[in-house]
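Q: I've got a model open here and some things to ask about it. Can we go through it piece by piece?

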Amino acid sequence: MAAPANIADSELTLNAPYQYQPIEPKGEIRILIVSPPASSDPTTIHGELFTAKLSDKPPYEALSYCWGADVFPETLHLPGGVLAITDNLAAALRQLRHPEQRRHLWVDAVCINQRDNQEKNHQVSLMSQVYRNATTVLVWLGKGNEYTREAVKIMKELADSAWEYGISSVVSTEGGLTGGFLAMRKVILGFTQKNNGISKKIVGLSETIKFGSLEACFDQDWFKRLWIIQEFVLAPNLTIHNGEMALSAQDFMLGFSVIFLLVSHPTVGATCVAKLGNWHWGFCMCVEKEEYFHRKSSDLLSLLELHSNRRCKLEVDIVYGLLAIATDGGEWPVDYGLTVESVFTEVALSYLKRSSLSILHHGCRTTQISSNATTDAASYRAHLPSWVPDWRLESYNTKFNENGFNSATSSRPNVSTEYASSGIIGLEGVYVDELSIRVPNTPNNSTPVPGDGSGVLNIFTQALAFKEIFIRRMQLQNWQYPTGEALDLVFAQSIILENKSLYSQSSIGQYLTPNDILLRWQMLVDTLAPEDSTPPSGSQHDSNSVGPADFDTELYRNVMVEARRSRKYIMTRSGYIGLAPETCKVGDVIAILYGAMTPFVLRLAEKPGSLERIRNLGSEVRESVGELWEIIGECYLYGLMNHDVLRLEWDDKRRSFWLV
């Protein structure tokens with residue numbers, strides 16, 4: 001391939017807009033050659049575009065950066081015309097161009113004709129190859145300031161000392177980077193042990209580290225951009241640049257591993273989270289990169305749950321920006337002619353047609369609009385069926401299915417998609433019960449207790465009230481809990497989701513029996529509400545029980561708060577208790593669908609969008625499907641989380657559910 005002439009000081013550059021020439025859609029890309037600064041005009045940026053086939057393995061580096069606002073005050077001078085570029089891209093090119101030789105770069109805003117949707121379709125499909133084949137990916141965080149410069153130094157110091165915190169080093173290999181992210185669970189669980197040396201070191205670090213500088217660094221727009229996930233993950237080699245400061249990928253990842261230990265610590269973690277702000281953006285990328293290296297990559301659904309609230313210019317890119325690293329990314333061709341609703345629906349249908357109900361566990365999203373939103377939440381939901389997650393909305397909480405529950409996973413899903421074009425799908429399952437009590441019985445988490453900024457006392461008070469309602473109702477009906485267990489044991493396990501989550505286990509202990517959990521609840525009551533420590537007659541409370549000497553009531557309360565976040569305590573007509581989405585109502589139905597990890601809250605169709613879809617069905621179809629349901633979200637019911645409804649006594653409650 002003949003190298004083009006250096007044009008930095010030539011007079012060929014024109015002021016007319018640059019006109020792109022078509023490129024071959026199968027495997028051809030453009031590469032930008034950035035010229036050194038001209039001595040006579042060092043601020044002007046000159047370059048040249050040429051085409052190359054990826055199969056020829058042309059040498060180039062790829063730029064990972066944030067476009068910024070749709071304002072293009074800067075100019076890139078090319079033979080035959082000029083391109084208007086953003087301030088951030090201009091700053092990156094000025095900083096990264098070599099002082100005396102040309103640099104070959106792939107830059108999406110320049111190398112792809114952004115006004116040609118057909119070209120964007122095939123170029124986006126090549127993105128994985130572009131970043132995987134680059135000799136180096138240059139991450140440009142931005143121009144930076146004194147705080148971000150300090151942060152780069154701190155990250156290097158954390159990386160150098162990572163071994164002191166039990167973190168194995170990140171090493172560079174032919175296939176990418178690998179290291180200690182996947183082994184940190186063991187370190188975190190060790191925090192509950194007495195006299196844990198690493199735990200003490202983390203506490204000490206939390207008292208000296210400069211949180212303000214790190215927060216300033218992590219708050220830069222690059223961390224929040226969706227496209228950078230694949231750019232970071234696919235790169236075999238990386239360097240991170242913040243103004244004139246640079247950091248290796250190894251130090252970047254090691255630094256974040258130490259930060260994760262800080263925010264995960266049971267005593268100082270909450271304070272560190274509050275001080276670090278957007279630390280999670282960078283950490284999630286590092287974990288994704290290591291999992292990709294170990295071929296433990298996530299499917300598109302998991303990636304959407306983690307990253308859909310990152311920023312992108314076009315709403316369809318919420319999906320398209322993750323396809324390159326999804327294990328099933330080849331299922332969906334890139335088509336910028338589709339609406340975002342069509343793309344989201346196709347993703348959901350694809351999973352359902354593969355007999356995977358995992359998509360349903362991601363559907364309960366708040367009315368809080370993410371950074372990718374362009375209108376209000378109600379308007380969004382009106383255009384999508386209830387079984388299609390709207391990835392433009394924020395996820396409201398950790399999913400119940402992430403806690404290892406298996407309500408009916410050993411039973412194969414039976415999915416009917418014959419009416420999917422009308423926004424309706426059919427599923428087989430078990431009609432469990434009707435919701436009869438919810439606490440708090442208010443539209444939100446109710447009025448906080450004065451002086452309780454975190455809401456901990458408020459949730460504790462609600463838990464006490466719910467326990468009182470639960471036990472008194474069971475006694476009035478002279479009922480046993482359906483599992484036959486003591487009511488106090490059932491209640492204590494339910495409010496912390498049976499201590500299944502990593503957060504719960506790292507806070508209050510990993511191997512706790514039901515009696516251990518009950519004893520901790522009793523200790524919490526004795527500490528926060530001693531006047532309520534004598535429960536109604538018939539309860540299993542023992543005020544003379546002696547709990548663990550090192551029990552931390554604050555940690556237990558935090559576990560309760562995490563389990564209850566954006567949820568309500570519920571009780572069904574037959575006496576089951578658990579937690580359900582905050583939007584649940586008395587009268588909602590709870591069903592367990594075959595193949596699902598948890599029960600779901602369903603409601604007879606009532607939303608305008610649902611009713612419109614029903615009206616569009618023919619009368620014969622409406623008569624055939626019968627009742628139509630909206631899915632409100634997944635829920636937790638104690639005693640029905642482990643294949644319980646697959647027993648013979650539930651067979652008479654089997655039925656079809658048509659979701660709209």
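Q: What sort of model is it, and how are residues numbered?
A: This is a predicted model, in which local features need pLDDT of at least 70, side-chain atom pairs count only at pLDDT 80 or more, and totals for chains, interfaces and linings use all residues. Residues are numbered from 1 along each chain as its sequence is written, and side-chain values use heavy atoms, with hydrogens and water left out.

Q: Start with the sheet. What's the strand order?
A: The order is S5-S4-S2-S1-S6-S3-S7-S10-S11, in an open sheet of nine strands with mixed pairing. Strands (E, at least two residues) and helices (H or I, at least four) are DSSP runs, numbered from the N terminus. Two strands pair if DSSP finds at least two bridges between them.

Q: Which are the edge strands?
A: S5 and strand S11 (245-248), each of which pairs on one side only. The twist from one strand to the next averages 35°. Angles are taken between N-to-C directions and run from 0 to 180 degrees; axes are lines fitted to C-alpha atoms, for helices over the stretch in contact.

Q: How do S10 and S11 run, parallel or antiparallel?
A: Strand S10 (residues 238-242) and S11 run antiparallel, joined by four bridges. Asparagine 242 stands opposite methionine 245 in S11.

Q: Which helix packs on the sheet there?
A: Helix H10 (residues 249-264) packs on the sheet and touches S10 and S11, its direction making about 80° with that of S11. Contact means heavy atoms within 4.5 Å.

Q: And what does H10 do with H11?
A: H10 and H11 pack at an angle of about 125°, their axes 6 Å apart. The two helices are therefore oblique to each other. For these labels, angles under 35 degrees count as roughly parallel, over 145 as roughly antiparallel, 65 to 115 as roughly perpendicular and the rest as oblique. From H10, Ile259, Leu262 and Val263 meet Gly269, Cys272, Val273 and Leu276 in H11.

Q: What classes of residue are in that one?
A: The contact of H10 with H11 has six nonpolar, one polar and no charged residues. Ala, Val, Leu, Ile, Met, Phe, Trp, Tyr, Cys and Pro count as nonpolar, Asp, Glu, Lys and Arg as charged, and the others, Gly among them, as polar.

Q: How does H8 pack with H11?
A: H8 and helix H11 (residues 269-276) pack at about 55°, with axes 8 Å apart. That makes H8 oblique to H11. Phe211, Leu214, Glu215 and Phe218 of H8 make the contact with Cys272, Lys275 and Leu276 of H11. By class it has five nonpolar, no polar and two charged residues.

Q: Switching to holes. How many cavities of 30 Å³ or more?
A: The count comes to one. A cavity is a set of points, on a 1 Å grid over the protein atoms alone, where a 1.4 Å probe fits but cannot get out; a pocket is an open set with protein on both sides within 12 Å along at least five of seven lines, and lining residues have an atom within 4 Å of a point. About 70 Å³ of space lies in the largest cavity, a volume being the space filled by probe spheres set on the points, which are joined across faces, edges and corners.

Q: What lines it?
A: There are 13 lining residues, with Leu141, Val152, Cys217, Ile240 and Leu247 the closest to the centre of the largest cavity. Helix H5 (146-160), helix H8 (211-218), S10 and S11 each supply at least two residues of this lining. The lining divides into 11 nonpolar, two polar and no charged residues.

Q: And the second largest pocket?
A: About 1,000 Å³ of space lies in the second largest pocket. Its lining has 35 residues, and Trp67, Asp70, Phe72, Ala109 and Gln114 lie nearest its centre. S5 gives the most to this lining, with four residues. By class, the lining has 21 nonpolar, five polar and nine charged residues.

Q: What about phi of lysine 57?
A: Phi of lysine 57 is near 55°, a positive value in a residue other than glycine. Lysine 57 is in the loop between strand S2 (45-53) and strand S3 (61-64).
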